[in-house]
Amino acid sequence: NYRARSAFKLIEIDDKVKILKPGQIVLECGAAPGAWTQVIVQRINSDGKGTGIKKRRKGMGVGTVIGIDLLPIAPLEGAIFLDGCDFTSLESVQKIKDILAMNRKARIIGDSSINEEVGIGVRDGMVVGEVGRDELKFGEEVADKEDTGEGGNEKNGESTNGDTNGLVDVVLSDMAPNATGQRSTDHPRIVRLVESALVFAIKNGKSGGHFLAKVWDGSDVKRLEGFLEKYYEKVSRHKPPSSRSDSSELFILGKFKK
Ligand code: SAM
């Protein structure tokens, strides 16, 4: 009951490389129709239900996933969707940062069910919140005391004022342009998308965090990997069994951000 068979690619990769953990903050680029998101929600426990997690523990972290896509995405419990948004636009990146900043503050006061409690949602491509950003400015003393559990949660009250540097545990990209079938056109286009996700990950990724992106094979993959190696401890390529062998698609992983 996944929205698309693409879910199995993420399942197979993550079973092998184990980058998704309960409590993490995950940005997913190219999320429609939401099949990867379904897998992510389970593995980071962003719906708080603990399904799909093998070793359940009391007080297990509740994660957050923000999924962005140009296309509409049907709502999914435990996910925040920014649909109708181009990830490569500055405006979209700002929206993501706004959500992260709101989410961060809510986590610091120990609210794990951010999506309902704080009422952050996205309608018509706009971030809407029942609680305005000003009301989310909590005192430093609160920020220092409270912290919810493991995984993606902030450890202290540093970098307030909407600064989202170092906040995201995992950045994933399954973004793909409309393929023309011509490698010389399609390859550079998908590489641009991967680069935009990587730039975001470098700026907003947590140290020790991870980056995974789909790319269509071509001359720039090596260059991308070289770039990844500057920022991540371990760089590897993955071709999950459910990815058709006649497709040039492969996934590049940067593990443990420096
Ligand atoms: N991972 C998804 C799933 O499992 O349901 C499938 C993603 S699909 C292969 C690729 C998606 O990337 C498309 O929905 C497309 O709209 C999106 N995409 C392409 N360019 C984008 C951009 N600039 N910003 C946001 N999304 C983009």
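Trainee: What should I keep in mind before reading any values?

Mentor: This is a predicted model, where local features need pLDDT of at least 70, side-chain atom pairs count only at pLDDT 80 or more, and totals for chains, interfaces and linings use all residues. Residues are numbered from 1 along each chain as its sequence is written, and side-chain values use heavy atoms, with hydrogens and water left out.

Trainee: What is the average pLDDT of the protein chain?

Mentor: The chain averages 81, and 76% of the residues score at least 70; pLDDT is the predictor's confidence in each residue, from 0 to 100. Over residues 110-162, though, pLDDT stays under 50.

Trainee: Why is α6 called roughly parallel to α7?

Mentor: Helix α6 (residues 183-204) and helix α7 (residues 221-231) pack at about 5°, with their axes 11 Å apart. Angles under 35 degrees count as roughly parallel, over 145 as roughly antiparallel, 65 to 115 as roughly perpendicular and the rest as oblique, so α6 is roughly parallel to α7.

Trainee: Which residues of α6 and α7 meet?

Mentor: Contact means heavy atoms within 4.5 Å. Among them, Leu198 and Ile202 are on the α6 side, with Phe227 and Leu228 on the α7 side. The residues of this contact divide into nine nonpolar, one polar and three charged.

Trainee: Where are Arg43 and its partner Asp14, and how do they pair?

Mentor: Their closest N and O atoms are 2.8 Å apart, in a salt bridge. Arg43 is in helix α2 (residues 35-44) and Asp14 in helix α1. Both Arg43 and Asp14 are buried.

Trainee: Why is Lys49 called partly exposed?

Mentor: Buried means under 20% relative accessible area, exposed over 50%, partly exposed in between (1.4 Å probe, protein chains only). Lys49 has 46%, so Lys49 is partly exposed. Its side chain meets that of Glu77 in a salt bridge at 2.9 Å, N to O.

Trainee: How many salt bridges are there in the whole structure?

Mentor: A search finds twelve.

Methods. Axes fitted to C-alpha atoms, helices over the stretch in contact; angles between N-to-C directions. Helix = DSSP H or I, 4+ residues; strand = E, 2+ residues; numbered from the N terminus. Nonpolar A, V, L, I, M, F, W, Y, C, P; charged D, E, K, R; others polar. Salt bridge = Lys/Arg side-chain N within 4 Å of Asp/Glu carboxyl O.
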